[in-house]
Structure formats: structure tokens, C-alpha cells
Amino acid sequence: MKRLIPLWIAAIAGFTVIASNFIPPAMGMSDLVTEMFSVLAAVAYVLGAASIAKVHLSKLSARRPGWGYSIVTLFCFTATLVVGLLKVAVPPGPRSPDLAFSGSYSEPGGALWWIYEYAISPITATLFALLAFYVASAAFRAFRAKNLEAALLLGTAFIILLGRTAAGGYLTGWFPEEISGLRLENFSIYIMQVFNTAGNRAIIIGIALGVAATSLRILLGIDRSYLGSGD
Amino acid sequence: MGLAVAVPILLQSRFPEKPTAIAKHAFDTINDLPDGSRVLLAFDFDPASEPELGPMASSLTRHAAMRGYKMYFITLWPFGTQMLTDKIREVILADFPQLVEGTDWVNLGFQAGNEAIMTQAKSDFKRTFPRDVRGIAVAQIPMMDEIRTTRDFACLIAVSAGYPGGKEWVQYVVTPERGSATPLKAVVGCTGVQTPQLFPYYPGQLDGLIGAIKGAAEYETLVNAEAERRTPGAPVPAKYLEAVRRMGPQMVAHVLMVSLIVLGNVIYFVGRRRGVNA
Amino acid sequence: MSTERTTHLARNALTTGRSWTARAAPLRRWRGAAVASAALTLAVSAIAAPPLPPQDVRVFDVPLDAGGAIGVKWTVPVDAPAGSIATFVIRRSMTDAERSSNRLDQRKTAYETELARLTAEGVAPESAKTQATMFAQQKVPTPAEGAAQEPGWIDVSEVPASAVAGSDGVALVKGLDPEQSFQFLVVSRGPDGSGAASAPTAQVRGAPGLFMGKRSFLLGWIIFICGAVIAYILLARSGRPMKIRRIAALEAVDEAVGRATEMGRPVLFIPGIQDMDNVQTIAGITVLARVAKTVAEYDATIEVPTARSLAMQAAREAVQASYMQAGRSESFNPDAISYITDEQFGFVAYVGGRMVREKPAACFYMGCFYAESLILAETGNSIGAIQIAGTAESSQLPFFVAACDYTLIGEEFFAASAYLSGEPDQIGSIKGQDIGKALAIAVVIVASVCLAVAAVVEASGSGIAIGIAAESVVAFLRMALTS
């Protein structure tokens with residue numbers, strides 16, 4: 001029963017979404033299924049929060065290595081939750097300036113807005129910027145002309161890297177109009193539009209077929225390992 | 001790498017940008033819409049991708065405002081609301097104060113639900129976005145009167161950093177309408193890593209593709225040229241030169257990577273020869 | 001002067017021999033007037049007779065659709081002079097929202113015109129705005145609640161008269177709101193732009209059919225591909241051996257877990273950063289179940305940080321079941337599968353820090369990843385872990401390929417769970433999926449050849465029949481694949 005009910009739910013929900021694409025009166029049911037998932041995901045946040053609290057509190061109480069980080073995590077988690085729920089320092093909204101809590105929780109000037117603007121935004125932008133350093137180290141290590149295919153990859157990388165900047169214009173901008181297609185900036189676009197598109201299309205078709213087969217296995221209950229059924 | 005990126009910024013180096021045919025196509029698609037067209041601007045990105053997508057979002061907003069289109073701003077990313085607010089403040093409120101909220105532009109904010117929101121907006125836009133960010137019901141917003149579905153827009157302009165984003169807009173909203181009498185035009189701006197993924201959709205399903213900061217710099221150049229044509233001699237504010245400015249560090253970084261690749265290969269071949277000789 | 005009057009006067013001039021341009025006059029002037037009237041008569045007869053309105057306009061619901069299309073039929077007037085009708089214009093009534101929007105546009109135009117006039121007269125700006133607003137509201141008032149309103153019409157379609165075969169014309173009007181009722185009328189438009197409208201029809205609303213006819217081909221493709229998968233599953237169940245090629249990344253799972261066991265270090269498994277509604281996350285968790293079973297058998301430890309609460313729950317259930325299956329339920333630690341944060345870079349910051357501190361010996365990245373993929377892979381590389389990745393995000397594949405030891409590309413990732421299970425049912429489904437791929441390859445080859453043939457025929461100008469056949473095949477494929 002523990003395995004059967006989730007299987008039936010998965011099958012009914014999945015086939016409903018498929019059928020709603022073909023049966024007009026059932027088109028709204030697809031949205032209903034999606035909304036039900038959104039509700040479930042929202043409730044699951046409570047489970048996630050409980051997991052965070054449990055893991056870090058147990059680490060803190062047992063003084064396991066790295067327990068200091070757990071204090072920081074719990075403090076930041078609690079502070080953000082409290083500040084957002086209580087709308088701390090949120091100015092009143094423009095439509096009701098006399099009511100204290102009329103402003104949106106993300107109203108500029110509020111504490112939650114401050115956390116977003118001065119903590120979350122710069123930190124996420126910084127972490128994203130780390131990619132530049134990782135790309136450089138990956139390029140240094142991975143792009144080796146070990147064989148013909150690797151050499152082709154290397155050459156393509158050079159064309160794209162230079163063609164997507166002004167360096168391409170400086171290096172090959174002098175090419176005459178008859179062979180302007182070989183200018184790095186034009187050649188890089190040609191590579192993207194022809195070779196890259198062909199390869200991507202092939203991968204997309206393969207992925208779509210893989211998704212279809214996997215979904216069918218799940219909907220028909222052939223593959224149940226995601227349920228924890230052990231099958 | 002830090003130096004490679006920092007030096008051009010500190011020296012304020014700028015390099016000329018020659019727009020390519022793809023950027024021109026995106027520009028012309030938006031520029032050639034009839035006067036008073038309704039455009040849906042979906043800014044699906046967060047602060048992490050702001051350095052790459054922020055300048056193109058500013059240029060697209062500026063272009064739409066310059067042409068006098070009616071602008072409808074939405075986002076499907078939770079952190080996208082801040083991006084919307086920033087761009088509206090930077091561009092519309094700062095440089096187009098004559099535009100009236102509710103009549104010329106409206107910020108409908110964020111809706112959770114990913115592709116479900118897209119498919120719902122395709123059939124009932126007002127039910128999908130029932131209020132704007134001020135909390136006003138869309139029934140009370142004059143420019144929402146004429147909107148029923150996504151078909152009522154002349155063009156979709158999506159700036160996306162991942163999922164949900166440009167690819168989902170193409171799959172769920174643009175492609176189903178492609179065979180109709182009035183297909184929805186679509187221009188997508190995306191990050192560099194997403195560009196190869198979206199090329200298969202251009203030009204069959206997409207009318208324009210602005211890829212990475214390079215595409216943003218090309219588009220920005222075109223919009224600045226259009227602004228110069230409309231108001232000759234007016235100085236270009238620095239905020240509309242951001243993409244071009246960021247191409248400086250990009251160029252130096254790319255040249256550095258090419259050098260590292262060459263160095264790595266030299267070391268590899270030298271090491272291999274030493275190994276053979278040994 | 002209207003066309004009817006002109007025609008009447010010309011006819012008069014012919015019959016009476018007198019022009020309306022001059023009174024009875026000396027012969028010279030009469031002759032000149034006669035010439036002028038004859039020329040005018042010729043000119044008038046060259047102008048088409050006024051069009052007659054279409055008759056018997058009726059509407060019908062288009063079957064097998066979502067309710068957004070209505071068909072309009074009309075009868076061409078039998079006594080319409082030849083050439084009097086150039087096109088038939090189909091109009092529909094406006095909805096309340098459209099009428100309201102129309103009113104707003106008219107009001108805005110009236111406001112702007114009046115404001116410009118008052119400003120030119122030197123009226124103060126604030127006062128001019130107020131006066132202009134009042135003027136606009138008076139000129140275009142809002143109708144009272146419940147008052148009858150002029151329907152307002154929108155042109156939705158135009159059919160050239162030459163395209164109407166026989167006596168009946170038909171047009172399909174699409175993109176209508178199935179919740180709204182509409183009236184329709186048809187206008188005969190002459191070459192000179194004059195028109196004659198039919199009476200409007202009664203209110204009609206499109207009704208959704210039971211099936212979307214235009215998606216028949218899509219249903220066909222789905223039935224074919226799913227049918228192939230099911231057929232091969234049944235074949236596999238019947239005992240027919242199914243062989244699939246070796247996938248190096250999956251063969252290396254045992255090796256990776258074995259390495260972690262020898263080194264006494266944990267195995268790190270990340271099932272992507274998306275939620276359970278993403279099929280890649282489900283595929284990742286099915287692979288997790290297999291890997292966790294191997295980890296349990298080897299008595300190693302596994303850590304599974306997740307970026308979504310639901311994924312954490314599903315991962316926990318999967319790992320627990322795997323441990324139970326391996327007979328090591330006492331070794332299962334639920335806290336090893338924990339939720340970190342939904343925020344992409346917050347998650348990768350945690351995982352990166354964990355990798356640097358704990359130094360897992362084997363890292364598995366199986367699921368949907370975005371920009372954080374390179375950070376994870378490079379960090380794993382820096383700690384010397386063996387890394388096996390699998391994703392269907394084509395934008396992240398290059399990073400995994402560059403930085404990981406083994407990578408499952410696209411469909412290999414979806415086949416991973418079936419491959420690792422070794423069950424005939426699941427292997428059969430992979431074979432069935434290959435039928436779909438064979439079909440896709442065949443379509444690409446056929447379409448490419450036909451397009452090439454059509455291009456060659458067009459360039460050379462010979463072999464027209466072959467060219468037409470090739471174009472027909474391409475057109476059919478395009479229709480079948482894009483419906």
C-alpha cells in the first residue's frame with residue numbers, strides 16, 4: 001500500500017497532464033496538477049527548515065568540527081525568517097501611508113530588502129564571478145591537443161574566444177570583403193549557427209527521447225527506485 | 001585573472017563594437033513594431049547574472065520606452081522582482097518621467113510556477129498576473145484592458161539566465177503560436193552558456209537572439225545610435241555604455257585564456273617529448 | 001458626387017443628349033459638352049458598379065478545437081455585377097474590454113488634441129490639463145451601466161472574391177475567447193473601397209471539442225514512440241536477450257565507490273539543484289538508489305546535500321530503501337541526506353566548502369545543474385576525487401566533460417538507472433527509445449535529401465515533377481512535425 005498509492009498518484013497525475021494537451025475540457029486539469037505540486041513544494045519547505053535546524057543543532061551540541069559555521073547558519077536563517085515574517089522596518093506602502101504593515105515585505109528600506117541588497121546580491125554575484133577563475137584553470141588543464149579531435153576542439157575554442165571580443169576584429173578585421181566570412185567575428189557566428197546548432201539539435205532530440213522513455217517507465221511503475229521501493 | 005579583469009576596468013578601456021547581423025535582427029524586430037505596440041518584458045534573472053544580463057535589460061527597456069511601446073514587466077524568478085524594480089528605476093523613472101505607470105508601463109512582478117505560469121498566461125493572462133506590484137488589481141489598470149492572452153502582445157522580450165527562461169518561453173508560448181496568422185514575435189537575451197542552447201531556435205522560432213555581454217554590447221551600440229538619431233548631440237549616460245565597458249575585461253580575459261591554453265599545450269608537448277626521450 | 005448620382009446623370013446625358021455641365025447653348029458649346037459627357041460616361045462605366053451585400057451569413061463552430069475558432073459562411077449575391085466585389089471582409093463584434101480600450105484611445109486622442117489647443121492659446125499647464133481631461137470625458141463619455149452600446153466591429157479576415165469558388169464563401173476566424181460571445185457580419189468591398197455590409201448574425205460562442213484535431217500528428221508520434229518502448233519491454237519480459245553498449249561512466253561506479261571505501265573517505269552524491277517536478281532530478285534519484293546500494297554493500301558512507309526539500313525527502317527514502325535492500329539498515333544515517341538551501345550559489349558554497357574540508361573520494365553529479373557545475377567539478381578536481389557526472393543540460397555538459405573523469409551525456413544519463421539495474425524490463429525500454437531515435441534519423445535524412453533535390457531542381461530548371469514530389473514530402477513532414 002505504501003508503494004501502491006504513490007504509484008497511482010504518479011500515474012494519474014502524469015497521464016492527466018499528457019491528456020490535457022489533447023482534450024480541451026481537460027486543459028485546466030494540467031494547471032490544477034501543477035498547482036498541487038506548488039502547494040506540496042511549499043509545505044516541504046517546513047521539512048527542509050526542520051532538517052536544517054536538526055542537522056546544525058546536533059552539530060552544535062556535539063561540538064563536531066565546523067560547529068562555528070553552524071552557529072552562523074542558524075543565526076542567519078532565524079534572523080532572515082523573523083525579519084521577513086514580521087516585516088521589520090518595512091515602510092508603509094504608498095497606497096496606505098497611515099498603516100504600519102501596509103508595505104510589501106520586500107519594500108525598499110525594509111530590513112529584508114537590506115539583507116537582499118547588501119548581503120545576498122553581492123555574495124551571489126561574487127560566487128558567480130568565481131567562475132571566471134575556474135574557467136581559466138579548466139582551460140589551462142583540459143585543452144590539450146592530444147589527438148585530432150582535441151586539436152579541432154582547441155582550434156574552435158580559439159576562434160570563439162577571440163571572435164566574441166574586439167580582439168577578433170583587430171586580428172582579422174583587415175581581411176578583404178571577399179573573404180569576410182573568415183573574419184573571426186563572422187566565423188565564430190558561423191560555427192555557432194551551423195556546427196553548434198547541429199550538435200545541439202542532436203543532443204536535444206536524444207534528451208527528449210530519453211525523457212519520454214524515463215517518464216513512461218515512471219508512469220507505468222516499471223522504475224520505482226525514486227519512491228524508495230527498493231525495486 | 002584578477003589582474004586581467006581589473007586593469008581594463010581601472011584604465012576605463014573601451015573597444016569599438018561592430019554589431020553583427022544577429023544583433024541587428026533583434027534590434028530591427030523591436031524597432032519595426034507598429035507604434036503603440038504592447039511588449040511583454042520578462043526579466044528572468046537574478047543578481048548573480050546581473051553583470052551579464054543587466055546591461056541588455058537596460059538597453060531593451062530603453063529601446064521600448066524610446067519607441068513609445070506599452071511595456072508589461074513580469075518575472076518568473078523570485079529575485080527577478082528586484083531586477084525589474086532596478087531597471088524601471090534606472091531607465092523609465094530616470095529618463096522617461098513622462099511615461100505614466102498603468103497607462104504606458106506596468107510592473108506585474110513575480111509569479112511562482114515556472115512553465116505552468118507560461119501556459120496559463122497563454123490562455124488567461126489576467127488570471128495569471130492578477131495584480132501589479134503595488135497591489136492594484138489588473139481590472140483597474142487601464143493598459144490591462146486590452147490584454148487577454150499572450151497573443152495580445154506584439155512582441156515578447158525575454159532576458160533569461162536559466163530555468164525558467166528563454167527556452168521555456170520558446171517551447172510553451174512562442175512555438176505553439178508560430179503557425180497562426182499573427183505569431184508572437186520573440187527576442188531573447190541570454191547568458192553566454194545558454195546561447196548555444198538557443199541557437200537551434202533562431203531564426204525559426206526566435207526573431208532575435210542577444211547572446212552574452214557581447215550581444216548586449218552590440219545591441220547597446222545600436223540603441224545608442226538610434227537615440228543619437230532622435231536627439232543628435234545628446235550625451236550618452238554611462239549606464240547605457242555598461243555592456244561596451246564590460247567588453248574590455250572580457251577581451252583581456254579571453255586573450256589570457258587563449259594564452260593559458262597555448263602555455264598548457266607547450267608544457268604538455270615539452271613534457272611528452274622529455275618522457276619520450278627518457 | 002456619389003457614384004449613383006454620377007451614373008444617373010451620365011445616363012441622363014446620353015438619353016437626353018444634354019450635359020449637366022452646360023445649359024442648352026450654341027452648337028459649339030453643346031458639341032463640347034456632349035464630348036465631355038461621353039468621356040465622363042466612359043469613365044463612369046469603367047468604375048465598378050457598387051457592391052451588393054453578402055446574403056445568408058451564417059456561422060458554425062469549428063469542431064475538434066479548444067473553442068477559439070468559428071467559421072463564417074455567406075452566399076455571394078447572385079445579381080452582383082461582375083467585378084463589383086474585390087474582397088469580402090469578415091468582421092466580429094468587440095468585447096466589452098475592447099470597447100473600453102477603444103473608448104480610452106479616443107479619450108486620449110481628444111485629450112491630447114484639446115491640450116495642444118489650450119497650450120497654444122496660452123492657458124496655464126495645470127488648468128489646461130484639467131480642462132482637457134473634462135473635455136475628453138464629455139466628448140467620449142462612459143456609457144451608463146446596463147445601457148445599450150454600439151457593438152463596434154473589428155476586421156478579422158479578408159477573403160479575395162477570386163478565392164471564392166462557387167456561390168458560397170467561407171472563412172475561419174481563430175484566436176477567439178471561448179468564454180465570450182460574438183456577432184459576425186461580412187462586408188462586400190468594391191475595387192474603389194466602397195462596401196456593403198450584411199446584417200449581423202446572432203451571438204455565437206465557440207465550443208471546445210473533445211479532441212484537439214490539429215494535434216493528431218503529435219498524438220501519433222507519442223503513440224509510436226511509447227508503443228515502441230512498451231513493445232520492447234514486453235519482448236524483454238518474454239525472455240528475448242537485449243544488448244546495449246557499454247557505458248564507461250556507469251561501469252566506473254563500482255570502481256569509484258571501491259576507491260572511497262579503501263581511502264576511508266565518503267562518497268558525495270548531488271542529485272541536481274532542481275525540484276522533483278524536473279525529470280532530471282527523478283533520474284538522478286533513481287541513480288542515487290543504485291549508487292547507495294553499492295555504497296551500503298561496500299560499507300562506505302554517502303552524503304547527499306540537496307537544494308530542494310522535496311528532493312531531500314525523496315532522496316532519503318531512496319537511500320534508506322537501498323540500505324535495507326543491501327541488509328545494512330542499521331548503517332543508514334538520515335542526516336547524511338540534508339537540505340541546504342534553494343539558492344543556487346548558497347548551495348554550491350556549502351558543497352564546495354564541504355568538499356574541501358571532508359575531501360570525498362568519489363563525487364557523483366547526477367541531475368539538473370546550471371552555472372554551479374563548473375565550480376563543483378573544479379573543486380572536485382582540486383581535491384583529487386574521482387568524478388562521474390550526468391546531466392541533460394547541454395549548456396553544462398562541456399564543463400563536466402572538461403573537468404570530470406566520466407560524463408553521461410543527455411540520454412545516457414536517463415538510461416543510467418535502467419543500465420545499473422540490469423533488469424530486462426528497463427533495458428527493453430532503452431531499446432524502444434532507440435526506435436524513436438531511428439525514426440528521427442530517418443526523418444532528418446529524408447527531409448535533407450528532399451530539400452537538396454528541390455534546390456537542385458529549382459536551380460537547374462529540369463525534373464520539375466521530382467522537385468514537386470520532393471517539396472510535397474518536405475511540406476508533409478513540416479506539417480506532421482510542427483502540429
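Colleague: With which residue does C:Arg290 form a salt bridge?
Modeller: This is a predicted model, where local features need pLDDT of at least 70, side-chain atom pairs count only at pLDDT 80 or more, totals for chains, interfaces and linings use all residues, and side-chain values use heavy atoms, with hydrogens and water left out. Residues are numbered from 1 along each chain as its sequence is written, while chains are lettered from A and ligands numbered from 1 in the order in which they are written. A salt bridge requires a side-chain nitrogen of Lys or Arg within 4 Å of a carboxyl oxygen of Asp or Glu. The closest N and O atoms are 3.8 Å apart, and the partner of C:Arg290 is A:Asp223.

Colleague: Which helix of chain C gives the most to the side that touches chain A?
Modeller: Between chain C and chain A there are 11 residue pairs in polar contact, both residues at pLDDT 80 or more (N or O atoms within 3.5 Å; within protein, one must be able to donate a hydrogen and the other to accept it, and residues adjacent in sequence count only if both atoms are side-chain atoms). With helices taken as DSSP runs of H or I with at least four residues, and strands as runs of E with at least two, numbered from the N terminus, residues 309–325 give 10 residues to that side of chain C, and this is helix 8.

Colleague: How much area is buried between chain C and chain A?
Modeller: The contact (heavy atoms within 4.5 Å) takes 70 residues from chain C and 55 residues from chain A. Buried area is the accessible area, for a 1.4 Å probe, that two parts lose on being put together, summed over both. Carbon and sulfur atoms give 71% of it, and the total is about 5,000 Å².

Colleague: Which residues of chain C lose the most area to chain A?
Modeller: The chain C side is drawn from 70 residues. Three of them together make up 10% of what that side buries: C:Phe345, C:Glu378 and C:Phe414.

Colleague: How much area do chain C and chain B bury between them?
Modeller: Here the contact takes 19 residues from chain C and 13 residues from chain B. Carbon and sulfur atoms hold 46% of the buried area, which is about 1,300 Å².

Colleague: Which side chain does C:Asp177 meet in a salt bridge?
Modeller: The count between chain C and chain B is 1 salt bridge. Its N to O distance is 3.8 Å, and C:Asp177 meets B:Arg148.

Colleague: Which are the edge strands in chain B?
Modeller: The open sheet has 6 strands in the order 3-2-1-4-5-6, with parallel pairing (two strands pair if DSSP finds at least two bridges between them). Each edge strand pairs on one side only, and these are strand 3 (105–110) and strand 6 (208–211).

Colleague: Which residue stands opposite B:Val187?
Modeller: Strand 5 (residues 185–190) of chain B runs parallel to strand 6 of chain B and is joined to it by 4 bridges. In strand 6 of chain B, the residue opposite B:Val187 is B:Gly208.

Colleague: Why is one side of strand 1 and of strand 5 of chain C left without a neighbour in the sheet?
Modeller: In chain C, 3 strands form an open antiparallel sheet in the order 1-2-5. Strand 1 (55–61) and strand 5 (168–173) stand at the edges, so each has a single partner strand.

Colleague: Which residue stands opposite C:Trp74?
Modeller: Strand 2 (residues 70–75) of chain C runs antiparallel to strand 5 of chain C, with 6 bridges joining them. In strand 5 of chain C, the residue opposite C:Trp74 is C:Gly169.
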